[in-house]
Amino acid sequence: EVFKEEYMDRYLHEHSSEMPVRKLCEIIDQALDENRNLEDLDLSQCDPPLTDTQLASILDALDQARRYSKSGEQLIDNFQPTSINLWQPTASLTDSSITNICNFLNVFPGITYVNLSNVQLGSQSDSDICTYLSRLPNIKTLILKKCDIKPRMFNTLVDQVFSIQPPLLE
């Protein structure tokens with residue numbers, strides 16, 4: 001089991017009406033049904049689109065579950081994500097989400113695939129996201145379509161992130 005049934009049941013009951021949380025619960029449930037590790041955090045194409053507040057809640061819940069597992073009883077057995085996909089059909093995530101995304105990348109350095117398409121990175125978050133992306137030693141794919149990337153940030157990404165290993169750039 002990737003997640004304990006009791007946590008899953010409680011989480012589903014508390015948040016099942018919220019679409020992005022429902023999508024997360026479906027991902028968790030599918031991993032349980034297939035008796036496999038949860039590696040792909042795919043919150044793309046939520047309808048309605050994922051908001052900054054919802055993303056913060058989801059990433060916080062995953063972090064709380066990870067911390068709880070370190071305190072003795074394991075809540076998450078095998079949650080080591082290798083990909084995070086936050087692409088939304090519209091620009092619903094702003095640079096307010098960057099701190100939460102950076103914290104997630106910091107906690108899970110095994111990420112190899114990052115899709116932040118339509119996440120409005122803006123200029124305020126330039127150095128933060130570049131710093132955390134550069135700490136992912138195995139990154140292979142980074143997708144940043146329609147992210148309002150400024151030339152300075154693009155240059156920083158090329159210098160800091162892509163110098164580690166030449167990933168795919170879209």
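How many aromatic pairs does the structure hold? The structure, which is a predicted model, holds 1 aromatic pair. The rings of Phe104 and Phe108 have their centres 5.0 Å apart and their planes at 50 degrees, so the pair is tilted.

**The largest pocket**

- The largest pocket holds about 180 Å³ of space.
- Two elements, helix H3 (52-70) and helix H4 (98-107), each give two or more residues to its lining.
- H3 supplies the largest share of that lining, with 6 residues.
- Sorted by class, the lining residues are 6 nonpolar, 2 polar and 3 charged.

- Asp63 has a relative accessibility of 16%, and because the limit for buried is under 20%, Asp63 counts as buried.
- Along the sequence, Asp63 and Phe104 are 41 residues apart, while in space their C-alpha atoms are 7.9 Å apart.

**The aromatic pair**

- Planes under 30 degrees apart would count as stacked and those over 60 as edge-to-face; the planes of Phe104 and Phe108 are at 50 degrees, so this pair is tilted.
- Phe104 counts as buried, at 5% relative accessibility.
- Phe108 is buried as well, with a relative accessibility of 4%.

**A charge over a ring**

- Arg135 is placed over the face of Tyr132.
- The distance from Arg135 to the ring centre of Tyr132 is 4.6 Å.

**Pro137 and its loop**

- Pro137 sits in the loop that runs between helix H5 (126-134) and strand E4 (141-143).
- With a relative accessible area of 43%, Pro137 is partly exposed, because exposed would need over 50% and buried under 20%.
- Pro137 and Ile111 are 26 residues apart along the chain, and their C-alpha atoms are separated by 8.4 Å.

Key. Residues numbered from 1 in each chain as written. Predicted model: local features only at pLDDT ≥ 70, side-chain atom pairs only at ≥ 80, totals over all residues. Heavy atoms only, no water. 1 Å grid on protein atoms, 1.4 Å probe; cavity = no way out; pocket = protein on both sides within 12 Å on 5 of 7 lines; lining within 4 Å. Points joined across faces, edges and corners; volume = space filled by probe spheres on them. Helix = DSSP H or I, 4+ residues; strand = E, 2+ residues; numbered from the N terminus. Nonpolar A, V, L, I, M, F, W, Y, C, P; charged D, E, K, R; others polar. Buried < 20%, exposed > 50% of the residue type's maximum accessible area, 1.4 Å probe, protein only. Phe/Tyr/Trp six-rings, centres within 6.5 Å; stacked < 30°, edge-to-face > 60°. Lys NZ or Arg CZ within 6 Å of the ring centre and 35° of its normal.
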